[in-house]
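Grab a pencil and open the viewer.

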Amino acid sequence: MAQPQQTGVGLTLAPHAPSGALKVTHLDPEGPAARGGLIQPGDVLFDVDDTSVVGLGGVQVRTLILGPPGSPVTLGFRRQNGKLFYVRVQRAQPKGAPPPTQQQQQQQQQ
């Protein structure tokens, strides 16, 4: 049985050593996270859908963020000034992204 396509929100994250969390290093300008206008490079991700991601690796966090296109995900961030905020974002395939290759589709079916 084929699994539904998994999409994200257009964030690039990197380890943030002081907090043990992941920091936003880039937003895809066409992605849903950038379109909302609230998330900025330098924001530290600490929560995905009420699950703390502090201490988790990038692969684990990616798994939490990915989901079916159009489905919502709530992300919690800490700004460099210490302010905490949450953003609800709808997952989407980035505009201009190529469709999955046949090999990717087969991997998703496994």
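**Exercise 1. Find which residues Gln90 is in contact with, leaving aside its neighbours within four places in sequence.**

Solution. Start by placing the residue: Gln90 lies in strand β6. Keep in mind that you're looking at a predicted model. Now list the partners: Gln90 is in contact with Pro32, Gly70, Ser71 and Pro72, once neighbours within four places are set aside.

**Exercise 2. Work out how β5 and β6 pair, and over how many bridges.**

Solution. Step one, the direction: β5 and β6 pair in the antiparallel sense, and there are seven bridges between them. Step two, pick out a bridge: Thr74 has Arg88 in β6 as its partner. Step three, look at the turn: this hairpin has five residues between the strands, and Gly82 takes a positive phi near 95° there.

**Exercise 3. Trace the other strand pairings, going from β1 to β2, β2 to β3, and β3 to β5.**

Solution. Take them one at a time.

- β1 (residues 11-16) and β2 (residues 21-27) run antiparallel, joined by six bridges. Ala14 stands opposite Lys23 in β2. Their hairpin has four residues between the strands, and Gly20 has a positive phi near 75°.
- β2 and β3 also run antiparallel, with two bridges joining them. Here Leu22 has Leu45 in β3 as its bridge partner.
- β3 and β5 pair over four bridges, in the antiparallel sense. Across this pairing, Asp47 stands opposite Gly76 in β5.

To put the strands in context, count the elements: the chain has three helices and six strands. Reading from the N terminus, they run β-β-α-β-β-α-β-β-α.

**Exercise 4. A search of the whole structure finds two aromatic pairs; decide how the rings of Phe46 and Tyr86 are arranged.**

Solution. First the geometry: the ring centres of Phe46 and Tyr86 are 5.7 Å apart, with the planes at 75°. The cut-off for edge-to-face is over 60 degrees, so at 75° this pair is edge-to-face. Next, the positions: Phe46 is in strand β3 (residues 44-48) and Tyr86 in strand β6 (residues 84-90), so this pair links parts of the chain that are 40 residues apart. As for burial, Phe46 has 18% relative accessibility and therefore counts as buried.

Then turn to the other pair, Phe77 and Phe85: the rings are stacked, 5.6 Å centre to centre with 25° between the planes. Both Phe77 and Phe85 are buried.

**Exercise 5. Which residues of the largest nonpolar core touch the most other members?**

Solution. The core has 18 residues, and Val9, Leu11, Ile39, Leu45, Leu75 and Phe77 are the ones that touch the most other members. Now ask where the core comes from: β2, β3, α2 (58-65), β5 (72-78) and β6 each supply at least two of its residues. Finally, zoom in on Val9. Setting aside neighbours within four places, Val9 is in contact with Gly31, Pro32, Ala33, Ile65, Val73, Leu75, Val89 and Arg91.

**Exercise 6. Is His16 buried or exposed? And how about Gly58?**

Solution. His16 is found in strand β1. Buried means under 20% relative accessible area, and His16 has 17%, so this residue is buried. Its contacts beyond four places in sequence are Ala21, Leu22, Lys23, Val44 and Arg78.

Gly58 belongs to helix α2. With 42% relative accessibility, Gly58 counts as partly exposed. Its C-alpha atom is 7.8 Å from that of Pro15, a residue 43 positions away along the chain.

Notes. Residues are numbered from 1 along each chain as its sequence is written. This is a predicted model: local features need pLDDT of at least 70, side-chain atom pairs count only at pLDDT 80 or more; totals for chains, interfaces and linings use all residues. Side-chain values use heavy atoms; hydrogens and water are left out. Rings of Phe, Tyr and Trp (its six-membered ring) pair if their centres lie within 6.5 Å; planes under 30 degrees apart count as stacked, over 60 as edge-to-face and the rest as tilted. Buried means under 20% relative accessible area, exposed over 50%, partly exposed in between (1.4 Å probe, protein chains only). Two strands pair if DSSP finds at least two bridges between them. A nonpolar core is a set of buried Ala, Val, Leu, Ile, Met, Phe, Trp, Tyr and Cys residues joined through side-chain atoms within 4.5 Å. Contact means heavy atoms within 4.5 Å.
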